[in-house]
Amino acid sequence: MSQAKVVLITGVAGGIGYATAQRFDQAGWRVIGLDYKANDQVDPHSIHHYISVDLSDAAAIAHCITTLKSEITTLNALVNNAALQICKPAVDMAVAEWDQVMAVNVRAPFILSQQLYPLLKLGQGSVVNVSSVHAIATSANIAAYASSKGALSALTRALAIEFAPDVRVNALLPGAVNTPMLQDGLKRGHLSGESIDDLMDDLGRKTIMDRVGKPGEIAESIYFLASNECSGFMTGQSLVVDGGAIARLSTE
């Protein structure tokens, strides 16, 4: 019997992260999940090994990697999904807040990709960086997040060049997806409505699909990029999954 493939997913306790864990579990992969939440705050289903770690802390990541290397000999996929979003005007954002967003959204994926590269190479693996459409087009009061996602997309291209041909590296750019992060950011003032449901409906109408995305839909795209059977000749690419939001001119 062949050994199960192994995937490491960051931000595994969130909407997209947990849906991604479920997708890989259904495909027979062993899922290792990282998130900042305590172990008893995370649904254990579909996550075979959970590690609580603060991804804004480089030392904590290093300790986590040391632990992982003592437990696994190969890695078939790394999904850098964890993200921090602070919704503030650029002129009001503290440097510490900016640094924290960059640490979670860019530095952590860099460290994990760099340090786990030997295991990924042995596993003929791939890296999927979950960026955002904010890397391409953005809105007010989200400068740090948009900047970090632009950097993550650029990092994807750079690592794809350096890791080839042994490890593929691609980015997924989701649009609006119904997750706790989206709900927290709905009141930035760019939508009309009072309740969360009203704001969500208004946001959905701004896409040509007339709705926001579901975490499971993004998980399918992540799995596609991670799997050598599905996307074995893809690397250095950014796949946009946004319900057609950026296909339409803002002046229309």
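In this predicted model, glutamate 220 and arginine 23 form a salt bridge, with 3.0 Å between the closest N and O atoms. The pair ties together distant parts of the chain, since glutamate 220 belongs to helix 7 (residues 215-226) and arginine 23 to helix 1 (residues 15-26), 197 residues apart. The two partners fall into separate accessibility classes: arginine 23 has a relative accessible area of 18% and, being under 20%, counts as buried, whereas glutamate 220, at 41%, is partly exposed. Side chains of opposite charge can pair when their charged atoms come close.

The count of salt bridges comes to 5. Among them is the contact between glutamate 97 and lysine 88, whose side chains meet at 2.8 Å, N to O. Lysine 88 is partly exposed here, with a relative accessible area of 29%. Another joins arginine 205 to aspartate 202, at an N to O distance of 3.7 Å; this value lies within the 4 Å cut-off, so the contact qualifies as a salt bridge. Both residues sit in helix 6 (residues 196-205), where a spacing of 3 residues amounts to about one turn of the helix. Aspartate 202 is buried, its relative accessible area being 9%.

Turning from charged to nonpolar side chains, Ile136, Val240 and Ile246 make a nonpolar surface patch of about 230 Å². Isoleucine 246 is found in the segment that follows strand 7 (238-241). Its relative accessibility of 36% lies between the 20% and 50% limits, so isoleucine 246 counts as partly exposed.

Terms used
Residues numbered from 1 in each chain as written. Predicted model: local features only at pLDDT ≥ 70, side-chain atom pairs only at ≥ 80, totals over all residues. Heavy atoms only, no water. Patch = residues over 30% accessible without salt bridge, like charges linked within 9 Å, V, L, I, M, F, W, Y side chains within 5 Å. Areas by Shrake-Rupley, 256 points an atom, 1.4 Å probe, with all protein chains shown as cover. Helix = DSSP H or I, 4+ residues; strand = E, 2+ residues; numbered from the N terminus. Buried < 20%, exposed > 50% of the residue type's maximum accessible area, 1.4 Å probe, protein only.
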